[in-house]
Amino acid sequence: MKDTQFLEAAITKNADGSFTAIASTNSVDRHGEVVDNNGLDLKSFKKNPVILWGHDHNEPAIGVSKKTWVEGTGKTAKLMIQPLLHEVTDKARAIKRLVEMGVIRTLSVGFKPLESPDGVTFTKNELLEVSMVNVPANADAMMMAYK
């Protein structure tokens with residue numbers, strides 16, 4: 001039996017209202033898949049760095065990522081973002097407050113697979129969006145605090 005591991009998550013809000021989060025890691029997700037962050041194409045996402053709620057493309061974005069980068073290499077590569085959530089809509093305001101309270105702490109990536117040698121490991125991908133979610137496919141995709 002494998003030991004269960006958890007990533008400690010705490011939210012530290014920056015002066016501008018943003019925070020830092022792991023959006024994706026190279027671990028096997030709950031679908032048995034691996035999104036290899038070493039092969040992530042961020043160009044299109046950086047032009048339109050939307051943060052959605054639950055991958056819902058029909059609702060207005062709840063924020064943007066001020067900064068997006070891949071940290072580390074190989075198996076330790078992880079997609080990092082600095083989301084800035086707005087308060088324009090009721091939904092975005094509520095989600096922002098739930099994030100600040102620590103109720104919502106996880107994220108999920110929406111991506112277009114470009115290359116997969118086996119159908120479960122996606123080695124090249126285009127990042128389309130990042131969503132705040134209640135339960136992510138990647139259990140390591142969580143809010144972080146850098147202390």
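The model is a predicted one, in which local features need pLDDT of at least 70 and side-chain atom pairs count only at pLDDT 80 or more, while totals for chains, interfaces and linings use all residues. Residues are numbered from 1 along each chain as its sequence is written, and side-chain values use heavy atoms, with hydrogens and water left out.

The protein contains 2 helices and 10 strands, assigned as DSSP runs (helices H or I, at least four residues; strands E, at least two) and numbered from the N terminus. Along the sequence, these elements follow the order β-β-β-α-β-β-β-α-β-β-β-β. Of the 147 residues, 41% are buried (under 20% relative accessible area, 1.4 Å probe, protein chains only).

Strand E9, spanning residues 124–133, carries Glu129. Glu129 is buried but has no salt bridge (a side-chain nitrogen of Lys or Arg within 4 Å of a carboxyl oxygen of Asp or Glu). The nearest side chain of opposite charge to Glu129 is that of Lys91, 13 Å away; Lys and Arg count as positive and Asp and Glu as negative, with His and the chain ends not counted. The Glu129 side chain does make a polar contact with the side chain of His55, at 2.5 Å (a pair of N or O atoms within 3.5 Å; within protein, one must be able to donate a hydrogen and the other to accept it, and residues adjacent in sequence count only if both atoms are side-chain atoms).

Note on methods. Buried means under 20% relative accessible area, exposed over 50%, partly exposed in between (1.4 Å probe, protein chains only).
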